[in-house]
Amino acid sequence: MAITAPESTGTVTLTIDGHEVTASRGATIWEAARSAGIDIPVLCHDERFDPVGVCRMCVVDVGAPAFAASCVRACEDGMQVKTATPEVERSRAMLASLLVADQPPRERDPKQTTTADNELLKLADRYGVSAPGGLPCGAGRGADLSSPVIAVDHDACILCDRCVRACDDIQGNDVIGRSGKGYDTRIAFDLSDPMGASSCVSCGECVAACPTGALTNKPIRGIPIRPRSELDAVDTVCPYCGVGCALTYHVDRERGAIAFADGREQPGSHGRLCVKGRYGWDYAASPQRLTVPLIRREGSYPKGALSADVRGDMAAAAEGEASDHGLASSEGGPGRKRKGGKRGRKPGGLVDYAEVLPHFREATWEEALSLVAGRLTEIYQAGGPAAIAGFGSAKCSNEEAYLFQKLIRTGFHTNNVDHCTRLCHASSVSALFEGIGSGAVSTTYGDVINAEVVIVTGSNSTANHPVASSFFKQARRAGTTVIYVDPRADKMADHADIYCQLKPGTDVAFYNGVMHEVIRLGLTDEEFIASRTSNYPALRDVVADYPPERAEQITGVPADVIRRVARAWGGARSGIIFWGMGISQHTTGTDNARCLIALCAITGNIGKPGAGLHPLRGQNNVQGASDMGLIPMFYPDYQKADDPAVKARFEQAWGAADLDPAKGLTVTEIIGSALRGGVRGMYMLGENPFLSDPNINKVRKALSRLDFLVVQDIFLTETAEFADVILPASSYLEKDGTYTNTDRRVQLGRKVLDTPGQARVDWEVVQDIANRIGLGWHYHAPREIFEEMVAVIPSYKNLSYDNLGAGGKLYPNPDPDRSDGTVVMFTEKFKTGDGLAHLVPAEWLPARELPDEDYPFVLNTGRMLEHWHTGSMTRRSYALDAIAPGPLVFVHPDDAAALGLADGDIARVSSRRGTIELATRVSHREAPGNVFIPFHFREAAANLLTIDEIDPYGKIPEFKFCAVRIEPAAHG
Ligand code: SF4
Ligand code: SF4
């Protein structure tokens, strides 16, 4: 029988166990055998890593005096390979017995079931090797239990280096090495630090790679980790960031709980996860879940915040807790430095249920839904469409986002519907629509491997898109030049060939300087400019005024470095720009993105492999929610809300009359309108603007002034304190639906657990409200909603629940049964009216509130790796809270010294809008004069300080720049 291995360009033919096999030249014997269906056991090998051939479990007989390690030995023409002779099997059995002899006893193994159920013990069983006598845990080379999520049992380690290669080659974290000599040799974290005190980011890749149980997941919330065979596996998608990693939850049905999570193969994640995906799922089991509808008691009007620390100045509320300041001690184990102070964590840094819940009474669903429908209808009848607004959620599924905007539009005849895209990439989308006629990415982040150069800018991707950043790091190892541009020298700076630490708010000057130099050096793509762009002369004239020396004056980046960037970018055959909210969250956010579009376009870097524009989307479904029309200026698929033809089309498709002919208000405009008495009634599905919007004193006033607010959520959020009715919703884990990631990949999320108590699936609740206001909906399942969506969203054409497959599909996709979908967009023309990319020049403008004598520092806000947005999920995750329990302000060492602040000291940070107090983290990653505060923590809410000035086009607030003062807290 002749069997052909795939990928045979230049090929060789050999015989394996009597089968003639043709393999590509350079393929290993192990690969060739596998392609022929012949199993050769391995221990140190994993096909995702470069082979090292150290364990010799995979040896085969090639007719030579010594056996060959099949994982590294290349196939040769005419080679005769025997994979399982008695001698070969004896060698493997001997190896297994030697390895097992040094293993801990099997009774220690129950916690070792996450490592593919212990490959070494499986081999021992296969070769009939008896159970080891073993050493008691820690008596040999020791154990390390310092990480909150991973247990290290050095006795079980066989030094196969799979964890080292997983950490280095796959995740690019470079944490694990070796220490010691001879028998004492051990894997080591950094300089032999305890794992919990090392630079480990708890991605768990090493656990997934370990074949023996030396590295294992610790049980979370006391749910024991049982063998996979005893657990129910549910394939779904991570609920956190826009990367949308595919994963499998292993569910203990007896306990009704998840035991652990594994990464799952999918083109955009390749089985990788970060700490949030791997360990941050237990929030759904929190005892604080809302389980019954709640109605505000009569005595709790007039409305306002109900928690003491939210009612007034947060710093004042913190006075009594001064003794709780500073870094927490080593909960995770000896030497563990936790990443946040625990100041203000009474109670747990979350809404105090004991304080807030007495203001509400329990109600039946019938009573609550009737009240919601009745009050919203009354307000609509009294104030018209302008009196109603809805905030949907980028955490909800496509089906839920679609139904929510349809309810607001058809039920209340207003386009006042928006979601958190306004707070993350609205300016990017506005520039992309103007420039190339589409807000979605022009290529995937996986395409980075085909790029000669990439610019990662305004993106702390190792924290915000960790698995996407692993693709960037891998590409660099393969030869891609990485240019990192960001005011903070975050970890991507460690993985960059050129790092530019520009001053905050100077992106336009920087990129104009780069374009100036690209043009001066003749590195433009003249043919692309001539055939595929418009307005180039105007762009050229503007950037002519930004020679690198002028750009240096504005940005602080040396002119020579700007020239290097221009040469690296302009000289490459292909380049992608990845950007994050450091670009978009400015009052010049649209201008910033215009510059990136222009830089790609004038060098011909759109519409071919390894080239393009990629705004890294934040939430797991922010791309999908936008696609679904959960935005005030567009119906589904970005069809203009103020276009009469579009309006007519949707009136027909939805059987609706009198849809709003004008664009609606954005998130920030709705808050302003509520303050002025315009918007009177709101439906808030899964959003928490009290913490996520800028200048929250203003948000607080606006929410208090609403005549009626219904909040549908899984926890009692800060925003729910202002609600008239609170509806208990389903978590991501409790429903089916589709989610669209930053790459345009549409994936199926599957129900893992049941909803607690009376909590209900969100789309059903939206439908019940729709029917109570007379819309007559009859959806029976998300699949049905998806089919309706696809019919009105041309970009999703051909997609169905049945063809999304295990890894989802990219849109557009002409043939989902056979293709993963379109990676590179705009190969021929752009989606603009004339098919050209419109180049829009921008002049640099300073930020709105510059530092001065009273407020001399620039405040930058953003996310931490371990937390997500307003923390309602991540702060209720045991692992994420244990690793990063509280708020921090990151300060440059020189500034900290000048201010008299040491690591862990409590700092008082004030802007013209408020004051917060939080622990100091002295950080060499900040630039002098700049401080960074993550916005997840209610007890030190960064958005009490931020300014609500907005970009004129995208209407996105300036989260990345305002002036603050920092000083030691009086009681610190
Ligand atoms: S958990 Fe991740 S970062 Fe930490 S040692 Fe393992 S692979 Fe490296
Ligand atoms: S990178 Fe994003 S999607 Fe992937 S596991 Fe982490 S949070 Fe989840």
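# A walk through the predicted model

Pro812 sits in the loop that links strand E32 (809-810) to strand E33 (837-838). This model is predicted. The peptide bond from Tyr811 to Pro812 is cis, and its omega is near -10°. A cis peptide bond also joins Tyr301 and Pro302, with omega about -5°. Pro302 is found in the loop between strand E15 (294-296) and helix H7 (308-311).

Another backbone detail concerns Asp174. Its phi is near 55°, a positive value in a residue other than glycine. Asp174 belongs to the loop between helix H4 (162-170) and strand E9 (176-179).

Next come the ligands. Around ligand 1 there are 14 residues. The closest of them are Cys167, Cys200, Cys203, Gly204 and Cys206. By class, the shell around ligand 1 splits into 10 nonpolar, 3 polar and 1 charged.

Helix packing is the next stop. Start with helix H17 (residues 507-520), whose axis comes within 9 Å of that of helix H19 (residues 536-543). The two axes cross at roughly 110°. Angles from 65 to 115 degrees count as roughly perpendicular, so H17 is roughly perpendicular to H19. On the H17 side, the contact is made by Asn512, Met515, His516 and Ile519. H19 brings Tyr536, Leu539, Arg540, Val542 and Val543. The contact of H17 with H19 has 6 nonpolar, 2 polar and 1 charged residues.

H17 also packs against helix H21 (residues 559-571). Here the angle is about 60°, and the axes are 8 Å apart. That angle makes H17 oblique to H21. The crossing of H17 and H21 is right-handed. From H17, the residues in contact are Phe510, Gly513, Val514, Glu517 and Val518. They meet Ile562, Arg563, Val565 and Ala566 in H21. This contact of H17 with H21 divides into 6 nonpolar, 1 polar and 2 charged residues.

Helix H13 (residues 426-436) packs with helix H23 (residues 589-602). Their axes are 8 Å apart, at an angle of about 45°. H13 and H23 are therefore oblique to each other. Their crossing is right-handed. Which residues of H13 meet H23? They are Ser427, Ser428, Ser430, Ala431, Leu432, Glu434 and Ile436. The H23 side of the contact holds Gly589, Thr590, Ala593, Arg594 and Ile597. By class, the residues of the contact of H13 with H23 divide into 5 nonpolar, 5 polar and 2 charged.

The structure holds 22 aromatic pairs. One of them joins Phe404 and Tyr683, whose ring centres lie 4.9 Å apart. The ring planes of Phe404 and Tyr683 stand at 65°, so the pair is edge-to-face. Where do the two residues lie? Phe404 is in helix H11 (residues 398-412), while Tyr683 is in strand E27 (residues 681-685). The pair therefore ties together parts that are 279 residues apart in sequence.

How values were computed
Residues numbered from 1 in each chain as written. Chains lettered and ligands numbered in written order. Predicted model: local features only at pLDDT ≥ 70, side-chain atom pairs only at ≥ 80, totals over all residues. Heavy atoms only, no water. Axes fitted to C-alpha atoms, helices over the stretch in contact; angles between N-to-C directions. Helix = DSSP H or I, 4+ residues; strand = E, 2+ residues; numbered from the N terminus. Parallel < 35°, antiparallel > 145°, perpendicular 65-115°, else oblique. Left-handed = near helix turned anticlockwise from the far one by under 90°. Contact = heavy atoms within 4.5 Å. Nonpolar A, V, L, I, M, F, W, Y, C, P; charged D, E, K, R; others polar. Near = heavy atom within 4 Å. Phe/Tyr/Trp six-rings, centres within 6.5 Å; stacked < 30°, edge-to-face > 60°.
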